[in-house]
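Colleague: Could you walk me through one part of this structure up close? Please spell out your terms as you go.

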Amino acid sequence: MTEYQSDLLRLMNDRGYIHQLTDAAALDSLATKSIIPGYIGFDATADSLHVGNLVSIMLLRRLQQAGHKPIVVMGGGTTKVGDPSGKDEVRKLLDDEGIESNIASIRACFERFLTFGDGPTDAVLVNNADWLDKLEYIPFLREVGRHFTINRMLTFDSVKLRLEREQPLTFLEFNYMILQAYDFMELHRRYGCILQMGGSDQWGNIVNGIDLTRRVIEGEVFGLTSPLLTTSDGKKMGKSQSGAVWLNADMLSPYEFWQFWRNTTDADVGRFLKLYTELPLDECEKLGALEGSEINEAKVRLATEVTSLLHGEQAAQAAADTARDVFEKGGVGDDLPTLTLNTAEVGDGISIVQLIVKSGLAGSGKEAKRLISEGGARLNDAPLSNAGLMIDAEALTSPIKLSAGKKRHALVQLG
């Protein structure tokens, strides 16, 4: 195992954040004697980040904890192009107003994890539209474009995989890697940024930025990627059975967020504790090594710690209390996700299948019917076997409880 001298790389390494690193010895040495400004970019394609972005946010938090300076780069410019990485089709293009609205909505999430201000290690949030929107096409091609060969660009996974699948890759998207490389160079010019971090799928883009910065302005810069996180059963982090696990509370309740982490598979608990919580390493390893029913207590601890960081201790404790009420006492719980319908939506009656879908317990009517037929659905804790059941307005004057399996629940009521 590599022995690092700097607090920064020791922290990153010990907690499992490092997948690839350029010139580790030079970065390690620099981090022992000076403040490292480092950045991660986030495109504003939605009005909330999701749990798949959380490891990147934690990377910035660890950077600051080790005495260095985090730079959050919002992709107001690059969102207009769209990152083709990991995508089989062209992203929907947003207008300026939509992008600005998304950035404003996302900003509060970072304030939970980072300390912003004017100090040497305080975080800053910048928008790459500030420089990308002002570029002139011909000067940009002459200064930057000449450093990129089509031959090399075609070898990057974001391009190669799309072409191999015979999916269209627009010239607009093809430019994304050049713009991201330019971001790194511009951040070095403006903020003295010398480190770009990101998931392992961003390695090619990061290396491009390092090469461009060295060639054009002879800057010494570095790259660090974290493992592309999947759960032990091979699923990509960021999705649950009912859709994206959003970080904004108005898009996913703290209880549902808590429940996502409570449902972590046994094999992932120790690793996730190191990546997503502030618990000491030895405690993470001790909790992750538990077996049988005891591992469930470790999952509760994981869920509560992560939810505390994002939504605050009060919300995390309320979610834990609700879960205990639902699972241990068989109650309804005060903080369950709630679907509120109006009388027009219910009309003369609404099918149980529609309610299961609308409450987020199933992704489609077909999935809801299968859930019922396989005995996985419950109504007010009683097994539900009739997929044709209709619920009228009178039945919803007090909340009804729907359940999918043992761990996912929702309330439905009339507003």
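**A helix pair, then a strand**

Modeller: Helix α13 crosses α14 in a right-handed way (the near helix is turned clockwise from the far one by less than a right angle). Bear in mind that this is a predicted model, with pLDDT of at least 70 needed for local features and 80 or more for side-chain atom pairs, while totals for chains, interfaces and linings use all residues. Numbering starts from 1 along each chain as its sequence is written, and side-chain values use heavy atoms, without hydrogens or water.

The axes of α13 (residues 269–276) and α14 (residues 281–288) come within 7 Å, crossing at roughly 155°. Axes are lines fitted to C-alpha atoms over the stretch in contact, with angles from 0 to 180 degrees between N-to-C directions. The two helices are therefore roughly antiparallel (over 145 degrees). Val269, Gly270, Leu273 and Lys274 of α13 meet Leu281, Cys284, Glu285, Leu287 and Gly288 of α14, contact being heavy atoms within 4.5 Å. That contact has 5 nonpolar, 2 polar and 2 charged residues; Gly counts as polar, Leu, Val and Cys as nonpolar, Lys and Glu as charged.

Now for strand β14 (residues 400–404): 5 of its 5 residues are buried, so the strand is largely enclosed by the rest of the structure. Buried means under 20% relative accessible area, with a 1.4 Å probe and protein chains only. Ile400, Leu402 and Ala404 cover one side, Lys401 and Ser403 the other. β14 pairs with β11 (residues 377–379) in the antiparallel sense over 3 bridges (pairing takes at least two DSSP bridges), and Leu379 sits opposite Leu402.

Terms used. Helix = DSSP H or I, 4+ residues; strand = E, 2+ residues; numbered from the N terminus. Parallel < 35°, antiparallel > 145°, perpendicular 65-115°, else oblique. Buried < 20%, exposed > 50% of the residue type's maximum accessible area, 1.4 Å probe, protein only.
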